[in-house]
Amino acid sequence: MTTTVPVEIHQAIHDATSACADELVSTSRAIHALAEIGFEEFESSRILSGVIERHGFQVDRGVSGMPTAFVARHGNTGPHVAFVCEYDALRGLGHACGHNLIATSSAGAGIALAQSLVRNDVHARVTIVGAPAEEGGGGKIPLCHDGLFDDCDAVLIFHPSDRTASVQYALACTHWGWTFRGKAAHAAGNPDHGINALDAFVQAYNGVSLWRQQLRDDARVHGFIIEGGTAPNIIPELTRGEYLTRARDGEYLRTMNVRFRAIFEAAAQATGCELQLEERETYLDLRSNAVLAERASLHLAGVGLEEDQVLPWERTGSTDVGDVSYAAPTLHPEFAIADLGIGPHTHAFREAALSQRGEDAMLRAAEVLARIGADVILDADVRQRVRGSFLTQPQHRTEWTGSRE
């Protein structure tokens, strides 16, 4: 895994990352404190895009119909590398997935790469993309449908984790919203006059739980109830909540979704309730580019990081980066910001995303991503192999079905 990229370029990337380190850290802390949820990241997007703009990028805001999305461009000709920022928080948990670190690592990588190329008189295109609502809403999907990534030679983004690895795995995933409507009645005096919407959900919940034993090992289904009634002496007339169905590949997910819908429809019929079942956005599975992963392994060692042994498809979730990976060669490596076992979507991980270790990992990730980008831009053989690896993967897209509300 050698490269023809001059050592001066990698040194320039290191110097540029170090020069803006304080600015990146302060921006990460500001986004962490804001903890804005998907499609509501107005201040986070403004702060982040402002930092990028001050470093010489031309920024377009409100792209693809999303007010909190942005595209920042540097350069007009030559090979094209994009870095993707995420900055939405989890509902109820804040930045327990470390998106504040993702935002600033991609910004730092793009800034460092652009500056190093200018200093060495290299003509290329560097793009930094602000993508909202990864945690539900799929902000990258409209960007993909608008062709934003189609001419990219590589798209890069890191994810904080409790382990370090050049390759991350992610399941295809469908987001559902459900509502059962019944009829209120006095639970003691006139129970026979009511139609119990909570019973409908209990039926559906039990149906899903029984179904799980017949699912493949790589499939998941899970959800929660938002509203289940208003008082113990009233027959519940409304229940609602959300579910996720997941699978390793989109074809199996589609068969799961047919069964999932049938379970909820049967519960409505059995209880006499009306059902509103909304199939929202679907995320594709993540296809990591093998050649970009080789470059990541090389540069992880170059910044003093050792990869952990990771079993493929072990302990994986879902991300709309999967959709990007069908549009362009993509890599989404993991960097440890916490001890093994302290995983995302926990209170402990939220604190890790604000820790010294987390911020150090963010800066190293920025340098690694920028180095990979330099390899793609400056080494024609690497660029050709990246494209060849991408073209051997199945190419398809799903239609946008999600709500942005």
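What percentage of the 405 residues in the chain is buried? Here are some notes to go with the model.

1. Burial comes to 55% of the 405 residues, where buried means under 20% relative accessible area, exposed over 50% and partly exposed in between, with a 1.4 Å probe and protein chains only. Please keep in mind that this is a predicted model, in which local features need pLDDT of at least 70, side-chain atom pairs count only at pLDDT 80 or more, and totals for chains, interfaces and linings use all residues. Residues are numbered from 1 along each chain as its sequence is written, and side-chain values use heavy atoms, leaving out hydrogens and water.

2. On the overall fold, you will find 12 helices and 12 strands in the chain; these are DSSP runs numbered from the N terminus, with helices (H or I) of at least four residues and strands (E) of at least two. The chain is as compact as a globular protein of 405 residues, because its radius of gyration of 23 Å is close to the 22 Å from the globule rule. That radius is taken over C-alpha atoms, and the rule is 2.2 Å times the number of residues to the power 0.38. Along the principal axes, the C-alpha atoms fill a box of roughly 80 × 40 × 40 Å.

3. The largest nonpolar core has 84 residues, and Leu-48, Leu-113 and Phe-149 have the most contacts inside it. Such a core is a set of buried Ala, Val, Leu, Ile, Met, Phe, Trp, Tyr and Cys residues joined through side-chain atoms within 4.5 Å. Helix H11 (residues 356-378) gives this core its largest share, 11 residues. A second, separate core holds 25 residues, including Ala-219, Val-221, Tyr-243 and Ala-247.

4. His-345 lies in the loop between strand E12 (334-336) and helix H10 (347-352) and is partly exposed, at 40% relative accessibility.
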